[in-house]
Amino acid sequence: MKLVFAGTPEVAVPALDALIASGRHEVAAVVTRPDAPAGRGRRLVASPVAERAEEAGIEVLKPAKPRDPAFLERLREIAPDCCPVVAYGALLPRVALDVPARGWVNLHFSLLPAWRGAAPVQHALMAGDEITGASTFLIEEGLDSGPVYGTVTETIRPTDTSGDLLTRLAFAGAGLLAATMDGIEDGSLQAVPQPGEGVTLAPKITVEDARVDWTAPALRVDRVVRGCTPAPGAWTTFRGERLKLVQALPLPDRTDLAPGQLAAGKNNVYVGTGSHAVELLWVQAQGKKPMRAADWARGARITEGERVGD
């Protein structure tokens with residue numbers, strides 16, 4: 001088939017690579033978000049998908065909105081059979097959905113109908129799911145509600161961050177998307193409607209969602225830290241400034257600290273929760289680089305009875 005691939009961030013690159021490498025289909029063009037300011041200089045930088053496509057000599061389309069007339073005209077000129085999508089980042093209007101004969105097929109990082117929305121991996125971790133995966137489905141105008149072509153499953157490991165899990169799903173999902181394109185082409189795959197039960201939503205994680213509630217059980221604190229790492233980053237406050245929590249470890253045997261109460265030893269930093277303590281392993285103070293929590297505590301000269309989160 002002739003394909004137009006739509007995607008933007010690094011997590012979409014493995015799928016693009018898999019489609020290019022398959023040799024079975026022609027990736028005629030790539031659609032991605034416009035260049036965005038990045039770094040201290042805030043200079044405009046192309047998306048990871050755009051950079052990869054340019055390396056491969058593939059035409060890159062960067063519409064401000066996917067309903068832009070010039071973009072739609074070019075899409076019709078290319079006349080793709082199918083448009084695979086991975087984390088493109090913009091809603092596709094009906095006028096765009098109608099262009100490819102076999103539709104737009106999205107790779108979504110959950111086992112649909114669970115975790116429909118922008119942040120499925122973060123929500124799966126924060127909810128304590130033990131299994132997740134990726135799904136390919138035919139895009140409709142509803143939110144991740146279209147019929148499903150295929151799935152792969154992935155076990156969530158006890159120390160996984162959303163970054164760890166998303167990296168594994170990006171590569172597993174790349175193979176799934178390529179296989180889905182093959183199955184659509186040869187007619188061996190038919191999309192199956194999603195069940196009406198088991199629908200959960202995964203909206204974008206806000207900065208406030210990532211704030212740690214120290215009155216919650218340690219297990220919940222651990223899930224928030226892992227689910228929000230690397231983005232948007234779990235955080236609390238200390239002496240009136242924000243403190244980012246990069247890595248923490250629940251300690252079931254320590255129950256002597258009140259919620260938010262700090263205890264700093266020579267090589268360890270502990271915080272009380274609503275159940276048992278957690279050990280802070282890595283933190284990032286405001287305006288600083290990530291550092292070992294024990295080094296941060298020494299520099300901060302934590303005194304007995306000090307707290308985080310007040």
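Me: How many residues does the hairpin use to join E13 to E14?
Reply: This is a predicted model, and in it the hairpin between E13 and E14 runs through 5 residues. The two strands, E13 at residues 269-271 and E14 at residues 277-285, pair in the antiparallel sense over 3 bridges, and Tyr-270 has Glu-279 in E14 as its bridge partner.

Me: Where does Ser-275 lie, and is Ser-275 buried or partly exposed?
Reply: Ser-275 lies in the loop between E13 and E14, and Ser-275 is partly exposed, because its relative accessible area is 33%.

Me: And how far is Ser-275 from Pro-63 in space?
Reply: From C-alpha to C-alpha, Ser-275 and Pro-63 are 50 Å apart, with a separation of 212 residues in sequence.

Me: Back to E14, then. Which strand does E14 join through 2 bridges?
Reply: That is E15, at residues 291-292, which runs antiparallel to E14, and the bridge partner of Val-283 in E15 is Met-291. The hairpin of E14 and E15 has 5 residues between the strands, and Gly-287 in this hairpin takes a positive phi near 80 degrees.

Me: How many bridges pair E11 with E14?
Reply: E11 and E14 pair over 8 bridges, in the antiparallel sense, and Leu-243 has Ala-285 as its bridge partner in E14. E11, at residues 241-251, also pairs with E10 in the antiparallel sense, over 5 bridges, with Ala-234 standing opposite Leu-245 in E11.

Me: What about the turn between E10 and E11, which residue there has a positive phi?
Reply: It is Arg-239, with a phi of about 55 degrees, in the turn of a hairpin that has 2 residues between E10 and E11.

Me: Why is E10 described as largely enclosed?
Reply: Because 5 of the 5 residues of E10 are buried, the strand is largely enclosed by the rest of the structure. In a regular strand, side chains alternate between the two faces of the sheet. In E10 both faces are covered, with Ala-234, Thr-236 and Phe-238 buried on one side and Trp-235 and Thr-237 buried on the other.

Me: Switching to rings: how many aromatic pairs does a search of the whole structure find?
Reply: The search finds 1 aromatic pair, formed by Phe-238 and Trp-296, which is edge-to-face with 5.1 Å centre to centre and 70 degrees between the planes. Phe-238 lies in strand E10 and Trp-296 in helix H8 (residues 293-300), so the pair ties together parts that are 58 residues apart in sequence.

Me: Which residue lies over the face of Trp-235?
Reply: Arg-242 does, at 3.9 Å from the ring centre.

Me: Last topic, the largest pocket: what is its volume, and which residues lie nearest its centre?
Reply: The volume of the largest pocket is about 1,100 Å³, and of the 42 residues that line this pocket, Ala-87, Tyr-88, Gly-89, Gly-117 and Ala-118 lie nearest its centre. The elements giving two or more residues to the lining are strand E7 (104-108) and helix H5 (120-126).

Me: How does that lining divide into nonpolar, polar and charged?
Reply: The lining of the largest pocket has 27 nonpolar, 9 polar and 6 charged residues.

Definitions and conventions: Residues numbered from 1 in each chain as written. Heavy atoms only, no water. Phe/Tyr/Trp six-rings, centres within 6.5 Å; stacked < 30°, edge-to-face > 60°. Helix = DSSP H or I, 4+ residues; strand = E, 2+ residues; numbered from the N terminus. Lys NZ or Arg CZ within 6 Å of the ring centre and 35° of its normal. Buried < 20%, exposed > 50% of the residue type's maximum accessible area, 1.4 Å probe, protein only. Pairing = 2+ DSSP bridges. 1 Å grid on protein atoms, 1.4 Å probe; cavity = no way out; pocket = protein on both sides within 12 Å on 5 of 7 lines; lining within 4 Å. Points joined across faces, edges and corners; volume = space filled by probe spheres on them. Nonpolar A, V, L, I, M, F, W, Y, C, P; charged D, E, K, R; others polar.
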